[in-house]
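The questions below ask what grounds there are for the terms used to describe a model. Each answer sets a value against the cut-off it has to meet.

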Amino acid sequence: MKNRIVLFGLVLTLLLSCKENSKLTESVDEEKVAQTSNTDSESKPDIFYQYSIWFAFVNKVFDGDLKVSELKTKGDIGLGSFDYLDGELVMLDGVPYRIRENGEITVGQDDDEIVYSDATFFNQDGSFQVKGPIDYTSFQKRLNTEMESEHYFYAYRVPVKLDYIKLGGVPKVEKPFTDGLDVLLPIRPVFEAENISGTLVGFYCPEYIGNINAFGHHFHFISDDRKWGGHVMDFKTTHDIEVPWDQKTSYAFDLPKNETFENVKLDSEFQYN
């Protein structure tokens, strides 16, 4: 009988020991996951990234060599245009959507190339509320008043519910590139929608940016159902808008490495938002 009691005690001790070790292992694993998550978050650069320069884009540099796979390492939100202007770009949650001139929306593949883009990892610094009703022009003016300083860069990721939106696409071009943005944008495809929800992805550049980027606020839009998207030309809403913002104090850009850029004459100037 004593032997049975001793044996039972040993088994019970072993079971309790295994349980404690399991808890310790789970605790260590959770700590590792947390540390990995924090490391991933901290490893993301807090930089406003740009591919190509506005001056080149204006002067018909419409072929780029930045692959979608590379852009996704530069941010989780972004906007721009695909190679040969074959679609506007809206990147949201790291997914690069392509809005072609016929309105078709697809996800850009890793080997697809981009001619021009702004991107960043969105790290929210604050937010403010804009009361409805409001239109796009008034919305941009309100953003100007809310900035801590007009001399910094800003990124926006804004969920919206809109009564109306007017979006612009881009017409695809082929070499030789004969028409610039001053000719192409007035004839751009336009998409209009009503009673729609989605996300505004946007950036602000200070005036001193000159011809490197477009001065002011610039927004693209993608709907929640992924059926509408493009460059924001106008909107109206009776709903309030909560505006999360991310201030950027670091800025970096890469230039295209191709003959079109190497030989371009940077003689035309054009600004738009």
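Q: What makes S10 and S13 count as paired strands?
A: In this predicted model, five bridges join S10 to S13. Pairing requires at least two bridges, so S10 and S13 count as paired. The two strands run antiparallel, and Ile165 has Phe235 of S13 as its bridge partner.

Q: How do you know that S9 (residues 134-135) pairs with S13 (residues 229-237)?
A: S9 and S13 are joined over two bridges in the antiparallel sense. The requirement is at least two, so S9 and S13 pair. Ile134 is bridged to Thr237 in S13.

Q: What do S12 and S13 form, and which residue in the turn has a positive phi?
A: S12 and S13 form a hairpin with five residues between them, and Arg226 in the turn has a positive phi of about 60 degrees. The antiparallel pairing of S12 (residues 216-223) with S13 runs over three bridges, and Phe221 stands opposite Gly230.

Q: Why are the buried residues of H4 said to line one face of the helix?
A: The buried residues of H4 (residues 136-146) are Tyr136, Phe139, Gln140 and Leu143. Seen down the axis of H4, they fall within an arc of 95 degrees, so they line one face. Lys141 and Thr145, on the other side of H4, are exposed.

Q: Which residues have the most contacts inside the largest nonpolar core?
A: They are Phe139, Tyr156, Leu200, Phe221, Phe235, Ile241 and Val243, in a core of 42 residues. Strand S10 (residues 153-168) supplies the largest share of this core, nine residues. Another core, of 14 residues, lies apart from it and includes Val58, Phe62, Leu85 and Phe177.

Q: Why is Lys175 called partly exposed?
A: Its relative accessibility is 47%. Buried means under 20% and exposed means over 50%, so Lys175 falls in between. Lys175 is in the loop between S10 and helix H5 (181-184).

Q: What makes the pair Lys175 and Asp63 a polar contact?
A: The side chains of Lys175 and Asp63 are joined at 3.1 Å. The cut-off is within 3.5 Å, so the distance meets it. Lys175 and Asp63 are 112 residues apart along the chain, with their C-alpha atoms separated by 9.0 Å. Lys175 also touches Tyr84 and Thr260.

Technical notes. Residues are numbered from 1 along each chain as its sequence is written. This is a predicted model: local features need pLDDT of at least 70, side-chain atom pairs count only at pLDDT 80 or more; totals for chains, interfaces and linings use all residues. Side-chain values use heavy atoms; hydrogens and water are left out. Buried means under 20% relative accessible area, exposed over 50%, partly exposed in between (1.4 Å probe, protein chains only). Helices (H or I, at least four residues) and strands (E, at least two) are DSSP runs, numbered from the N terminus. The arc is that of the directions from the helix axis to the C-beta atoms. A nonpolar core is a set of buried Ala, Val, Leu, Ile, Met, Phe, Trp, Tyr and Cys residues joined through side-chain atoms within 4.5 Å. Contact means heavy atoms within 4.5 Å. A polar contact is a pair of N or O atoms within 3.5 Å; within protein, one must be able to donate a hydrogen and the other to accept it, and residues adjacent in sequence count only if both atoms are side-chain atoms. Lists of a residue's contacts leave out its neighbours within four places in sequence.
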